[in-house]
Amino acid sequence: MLANLFGSTEQRLRIAAVSGCGVLAVLVGFVAFSPSGLESFIRQGGYHYIGAVFGLFVVYVWRVADARREVWRGWLRRPGRTGLCLIAASLFVLWSDGYKHKILFDEYVLQGTAFQLHAMKEYGAMFRAYEIAGSWVPIDSFMDKRPYFFAFLVSLLHDLAGYRLANIFIVNSALAVAFLPLVYWLSRTVVARGPALLAVGLMASLPLLGQNATGAGMELHNLVMIALTAALGVLYLRAPDNDRAAALVLAAVLLAQSRYESVIYVLPAALVLVLGWFRAGRLVLPWPAIIAPLLLVPYAWHNRVLSATPQLWQLQEGQTRRFSFEYLPGNLTGAWNFFFDVSGNLANSWYLSAFGLVGIFWAVYAGWRWARAHPRAELGSAPVVLLAFGAGAAGNLGVLMFYYWSRLDDVIASRFALPSCLLLAIVAAVFADRAGGRRQPALRWAAAGLVVWLLVGALPAMSRRLYTEKNVLMQEITWEHSVLESRPGPLLFLTNKSTIPFVLWRIPSLINSVGRQRGPQISYHLGQGTFREVIIAQGLRPTTEQGDMGIDPLDFMPPEFELETIGERRFGNRWARLSRLVRIKAPPVSTPPPAAAGTDGDLFKPAPIAEKTSTGPSP
């Protein structure tokens with residue numbers, strides 16, 4: 001077999017080419033450049049890189065789809081009851097939670113990145129902008145730690161339909177509608193229609209899926225890319241050819257740019273690619289697969305910059321490393337709490353977890369029996385691919401257990417469990433199919449259990465939405481936004497959190513620590529009418545044993561800032577205050593006048609790095 005694969009000169013040349021690209025990728029990605037010099041490469045070239053890979057991916061996916069035109073056209077013409085079930089399940093997912101930002105400040109950072117990709121065609125997250133001559137112009141941006149494929153897709157919608165904050169929700173809604181058919185198709189490759197629809201029901205009734213489908217995060221996009229890459233792997237392994245191999249490889253490259261740890265799935269995709277050679281009896285190595293190692297170099301660059309920039313890690317007090325064995329016990333406890341919590345406070349499905357865990361035990365036993373059988377039955381294309389990507393999902397979860405902020409029972413970190421939930425749903429469907437026998441009693445019991453879970457677990461949890469409403473900081477930002485919108489503009493907002501949400505709402509903003517250093521410049525712009533008023537956000541905390549409230553020391557403004565309170569509100573254990581800047585008293589004589597310190601240019605100059613780090617703790 002090996003002689004057939006590498007026998008011809010052309011085949012040996014292709015292997016030499018991909019090996020050379022691999023060596024070159026290692027040198028360019030890890031040796032040739034220092035992390036300090038890579039940021040400009042990523043910022044200036046990231047948009048064009050991801051655009052080129054995505055465009056090439058679309059071309060090859062269209063070729064694969066065009067070759068199967070009669071198949072998918074038949075599905076579209078006659079969706080039948082299965083199609084109606086998938087539509088109903090998708091609508092249920094989109095109904096299950098409200099459209100709003102769920103994760104601070106990750107989702108706003110993604111939207112800031114999408115705006116920068118749309119407006120400037122460069123990779124960065126906008127955090128300071130002003131209206132200049134009628135146009136909203138970004139002044140400052142920073143290179144975010146998050147992969148940018150999802151933000152690029154949102155920027156494309158901005159290009160087509162104009163910039164709107166709602167565009168990110170439209171993209172996630174479309175991804176939700178695409179995801180459940182992918183779950184059905186993947187399951188249908190190994191089980192009958194009934195168990196495949198069971199897998200769809202298990203995922204649709206998972207509150208975590210609805211939370212992310214109606215949010216502004218990148219988790220659902222990552223989940224869709226995992227399912228899509230696995231589906232392309234099944235198609236390739238069934239009939240290996242150049243177009244299917246190229247689509248699979250490019251999907252794996254894009255998947256690596258969907259979430260940090262999703263580079264893990266490059267290994268299952270590579271394994272499926274090589275297995276296809278043995279099934280075809282020849283080398284299937286199109287030119288996109290040959291250059292694939294080079295296409296992964298930007299990911300390596302991005303990760304090196306992140307590793308060399310500790311301020312982007314956002315570790316908690318006392319922590320010095322992102323990954324460590326010391327995080328394992330707490331993360332394992334958090335994972336168990338999430339998967340099997342029955343309180344309704346988390347966006348989990350204990351029914352999916354229990355059923356999937358039984359399915360995993362059964363799969364291990366079935367695999368042991370298969371390994372001992374002589375002769376062994378040949379595994380089909382779909383089981384091989386699902387085993388490979390299932391191992392990838394398990395590895396994904398395993399890596400997260402060593403990360404400093406991966407307690408899945410934290411409502412903000414629960415979203416990292418989505419790939420594992422997909423694996424559990426498919427394994428549960430396979431178990432229901434194989435253990436059912438002719439009359440399928442296992443499937444009937446599983447469907448009955450799903451209905452019970454939906455009535456006593458999913459729907460009550462979705463109605464309360466505690467896993468979403470616990471985000472009191474988001475409620476505070478929403479309140480601040482509503483107050484600012486009610487004020488006559490234009491205004492300048494000094495925030496004690498992050499400027500990113502407000503500049504996305506086209507409200508000029510500065511961090512408090514920066515604003516209190518710019519008193520002369522702010523006074524100048526108020527006098528010139530650049531801003532009609534300045535609003536300042538401050539936190540309050542108890543200052544006496546009797547519970548008297550005072551301003552948080554971190555939010556104090558200079559004594560020359562004369563403030564007038566316009567609103568206070570409590571959010572959980574936190575009090576928030578909004579004040580109007582009445583005037584800035586004359587500075588001491590030793591302080592240079594505004595003209596000497598700089599006037600209009602100083603307020604618009606790049607802000608210090610401290611303003612760039614308030615992007616939330618999530619990885």
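One more: helices (H or I, at least four residues) and strands (E, at least two) are DSSP runs, numbered from the N terminus.

Before we look around, this is a predicted model, where local features need pLDDT of at least 70 and side-chain atom pairs count only at pLDDT 80 or more, while totals for chains, interfaces and linings use all residues. Residues are numbered from 1 along each chain as its sequence is written, and side-chain values use heavy atoms, with hydrogens and water left out.

Who are the neighbours? Strands count as paired if DSSP finds at least two bridges between them. Strand 3 runs parallel to strand 5 (residues 533-542), with 4 bridges joining them, and F493 has I535 as its bridge partner there. Strand 4 (residues 509-511) also runs parallel to strand 3, through 3 bridges, and I511 of strand 4 stands opposite T495.

Let's zoom out. The protein has 28 helices and 8 strands. Its radius of gyration, taken over C-alpha atoms, is 27 Å, close to the 25 Å from the globule rule for 619 residues (2.2 Å times the number of residues to the power 0.38), so the protein is as compact as a globular protein of that length. The C-alpha trace spans about 95 × 60 × 50 Å along its principal axes. Of the 619 residues, 53% count as buried. As for contacts (heavy atoms within 4.5 Å), 75% of those with a separation of 6 or more are between residues 24 or more positions apart.

Now the inside. Nonpolar side chains in soluble globular proteins tend to be buried together. By a nonpolar core I mean a set of buried Ala, Val, Leu, Ile, Met, Phe, Trp, Tyr and Cys residues joined through side-chain atoms within 4.5 Å. The largest one here has 142 residues, and F179 and M203 have the most contacts inside it. Which helix gives the most to this core? That's helix 11 (residues 219-238), with 13 residues. Leaving out residues up to four places away in sequence, F179 touches M203, L209, L223, V224, A227 and L422. There's also a second, separate core of 31 residues, and V109, M126, A129 and F502 are among its members.

Helix 19 (residues 381-400) has 20 residues and should span 28 Å at 1.5 Å a residue, and its end C-alpha atoms are 29 Å apart, which agrees; the expected span is 1.5 Å times one less than the number of residues. Its buried residues include V384, V385, L386, F389 and N396. Covering them are, among others, helix 8 (167-188), helix 11 and helix 20 (418-434). Helix 2 (residues 9-31), with 23 residues, reaches 32 Å between its first and last C-alpha, close to the expected 33 Å. Q11, C21, A25 and G29 are buried in helix 2.

Last stop, charges. A salt bridge is a side-chain nitrogen of Lys or Arg within 4 Å of a carboxyl oxygen of Asp or Glu, and a search of the whole structure finds 25. One joins R128 and D140, at 3.3 Å from N to O. R128 lies in strand 1 (residues 125-132) and D140 in strand 2 (residues 135-142), so this pair ties together parts 12 residues apart in sequence. R128 and D140 are both buried.

Then there's E261 with R259, whose closest N and O atoms are 2.8 Å apart. E261 counts as buried at 11% relative accessibility, and R259 is buried with a relative accessible area of 1%.

The side chains of R580 and E564 also form a salt bridge, 3.0 Å from N to O. R580 is in strand 8 (residues 574-584) and E564 in strand 7 (residues 561-571), so they tie together parts 16 residues apart in sequence. Buried or partly exposed, this time? R580 counts as partly exposed at 23% relative accessibility, and E564 is partly exposed with a relative accessible area of 37%. And finally, salt bridges that share partners join D106, D144, R146, E219, R259, E261 and R415 into one network.

Conventions:
Buried means under 20% relative accessible area, exposed over 50%, partly exposed in between (1.4 Å probe, protein chains only).
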